[in-house]
Amino acid sequence: MQVRKTFFATVLIAISLFLAFTSVFVPNNEIEPENLVRTLERNENYYSVDKVAEQLISNDPLLQLVDVRSEEEFSKFSLPGAVNVPLGKLLDEANQDYVNQEVYNTVFYSNGSTDAMVALMVATRKGYKNNYIMRGGLNEWVEKILRPKYEGNFDVVNDELYQFRKGAQAYFGGGSATPAADASAPKPKKKAVKREKKAVSGGCG
């Protein structure tokens with residue numbers, strides 16, 4: 001538990017440093033720090049590498065991968081169909097269609113989890129929806145999808161998972177680096193339509 005608290009505290013410090021060294025305006029009275037930590041703790045904000053692999057293989061139209069690493073790292077290795085939005089440019093006007101929309105399920109990833117968590121926290125504080133994190137980042141992707149090993153005791157569940165990962169390994173190139181996304185990578189086709197709340201009129205005053 002102490003390790004977990006220390007990890008989340010590290011992420012909060014990273015967020016503070018990110019905001020301090022950028023010109024990003026975030027309404028700091030909108031979401032309290034403890035609520036940001038709760039956001040990080042909720043499992044529903046995470047995609048496992050297996051879920052990402054499954055949705056890529058099935059060509060899920062709602063999946064949008066956002067690589068928050070540097071342009072140099074992205075050019076060397078990335079996931080199929082991902083777009084590159086370096087963390088420092090996350091809130092640039094040109095990138096708003098990726099992080100502030102209501103159509104796609106945007107999954108942030110980096111090498112590990114920390115930068116993706118910072119991206120999620122910044123987006124959450126801005127009030128953006130449909131943003132998630134790929135747990136473990138590319139390090140876990142390589143370990144579990146590109147170089148899978150049998151985990152745990154031999155049983156039906158573990159065997160099915162291992163067989164899925166072996167299939168995914170073959171699908172994604174068997175451990176070799178995947179070329180970065182090109183200009184044909186999936187992108188939001190249009191800006192999300194924001195639903196405005198309508199004032200209620202009439203009724204039984």
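Of the 12 residues of helix H6, 10 are buried, so H6 is largely enclosed by the rest of the structure. Buried here means under 20% relative accessible area, with a 1.4 Å probe and protein chains only. The buried residues of H6 are Ala116, Met117, Val118, Ala119, Leu120, Met121, Val122, Ala123, Thr124 and Arg125. Please note that this is a predicted model, in which local features need pLDDT of at least 70, side-chain atom pairs count only at pLDDT 80 or more, and totals for chains, interfaces and linings use all residues. Residues are numbered from 1 along each chain as its sequence is written, and side-chain values use heavy atoms, leaving out hydrogens and water.

Helix H6 covers residues 114-125 and reaches 16 Å from its first C-alpha to its last, close to the 16 Å expected at 1.5 Å a residue. After H6 comes glycine 127, whose phi is positive, near 90 degrees.

How do helices H3 and H7 cross? The axes of H3 (residues 49-57) and H7 (residues 137-146) come within 9 Å and cross at roughly 75 degrees. H3 and H7 are therefore roughly perpendicular to each other, a term for angles of 65 to 115 degrees. Val49, Asp50, Val52, Ala53 and Leu56 of H3 make the contact with Gly137, Glu140, Trp141, Lys144 and Ile145 of H7, where contact means heavy atoms within 4.5 Å.

Finally, the protein chain as a whole. The chain has eight helices and five strands; these are DSSP runs, helices being H or I with at least four residues and strands E with at least two. Buried residues make up 41% of its 205 residues.

How values were computed: Axes are lines fitted to C-alpha atoms, for helices over the stretch in contact, and angles run from 0 to 180 degrees between N-to-C directions. Angles under 35 degrees count as roughly parallel, over 145 as roughly antiparallel, 65 to 115 as roughly perpendicular and the rest as oblique. Buried means under 20% relative accessible area, exposed over 50%, partly exposed in between (1.4 Å probe, protein chains only). The expected span of a helix is 1.5 Å times one less than its number of residues.
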